Amino acid sequence: MKKLISIICALTLVMAVFAGCGNKNDGKKEEIPSGKLKEIHEAVKKAYGEAYYPNLTLNAEEIDQKFDIEKELYKEAIAEVPKISVNVDTFVGIEAAEGKAEEVEKELKDYREDLIENSRQYPMNKPKVDASEVYRKGNYVFFLMLGEIPMEIMDGEDEEAKVKAAKEQNKIAIEAIEKVLK
């Protein structure tokens, strides 16, 4: 019995040593710079070029109405949607107020879920809606539904291929966001 206890203690000590070595940032929280939302937005627009379709900027009241995100939850917000409702391309970028990023993220996820449930009106947009994404980095929270799905894929019958192509398009925005916040 003493031998078993000694082995367990030795294994616990070894695991503790290895756990301590695995921390790359020495317990420091990754610093995400504040005040970068406009730069991020411009980087995303540039990454898509002419394939960036949101063309109606929402004010704080409209952001609250559409996404249920009150002004008190953020330092800065940029939300752009299409003027024409047949198109669904949407960019929402929010720098949350201190301690509010989780709440903003929840509201955008709720918005996404509601959008998915109600996307029957325009079935041609369903793959893009299904591929929409809420992405968070530090106090920045984004709702992304952007880009062009190639016509050869959209004209096909394979719904999975359409969603996959739409997800690939959202990655363009995430890469642009990551470049600004690195």
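User: In this predicted model, how far apart are N and O in the salt bridge where the side chains of E39 and K36 meet?

Analyst: At 41% relative accessibility E39 is partly exposed, and K36, with a relative accessible area of 23%, is partly exposed as well. A salt bridge requires a side-chain nitrogen of Lys or Arg within 4 Å of a carboxyl oxygen of Asp or Glu. The side chains of E39 and K36 meet in such a bridge, with an N to O distance of 3.2 Å.

User: Which helix holds both K126 and D130?

Analyst: The side chains of K126 and D130 meet in a salt bridge at 3.1 Å, N to O. K126 is partly exposed at 33% relative accessible area, and D130 is partly exposed at 24%. The two residues are four apart, about one turn of the helix, and the element that holds both, covering residues 126-131, is α5.

User: Is K162, the partner of E159 in a salt bridge, buried or exposed?

Analyst: E159 and K162 lie three residues apart in helix α7 (residues 159-181), and their closest N and O atoms are 3.1 Å apart. E159 has a relative accessible area of 41% and is therefore partly exposed. Buried means under 20% relative accessible area, and since K162 has 8% relative accessibility, K162 counts as buried.

User: Which residues do salt bridges that share partners join into one network?

Analyst: The structure holds 13 salt bridges. Through shared partners, salt bridges form one network that joins E105, K109 and R136.

User: How many residues apart in sequence are the parts that the pair of Y111 and F143 ties together?

Analyst: Five aromatic pairs are found in a search of the whole structure. One of them, Y111 with F143, is edge-to-face, with 5.3 Å centre to centre and 85 degrees between the planes. Because Y111 lies in helix α4 and F143 in strand β5 (residues 140-145), the pair ties together parts whose separation in sequence is 32 residues.

User: What accessible area do I84, V86 and M124 have together?

Analyst: V86 lies in the loop between β2 (74-81) and β3 (90-96), and at 36% relative accessibility V86 counts as partly exposed. With I84 and M124, V86 forms a nonpolar patch on the surface, and together the three have an accessible area of about 270 Å².

Conventions: Residues numbered from 1 in each chain as written. Predicted model: local features only at pLDDT ≥ 70, side-chain atom pairs only at ≥ 80, totals over all residues. Heavy atoms only, no water. Patch = residues over 30% accessible without salt bridge, like charges linked within 9 Å, V, L, I, M, F, W, Y side chains within 5 Å. Areas by Shrake-Rupley, 256 points an atom, 1.4 Å probe, with all protein chains shown as cover. Buried < 20%, exposed > 50% of the residue type's maximum accessible area, 1.4 Å probe, protein only. Phe/Tyr/Trp six-rings, centres within 6.5 Å; stacked < 30°, edge-to-face > 60°.
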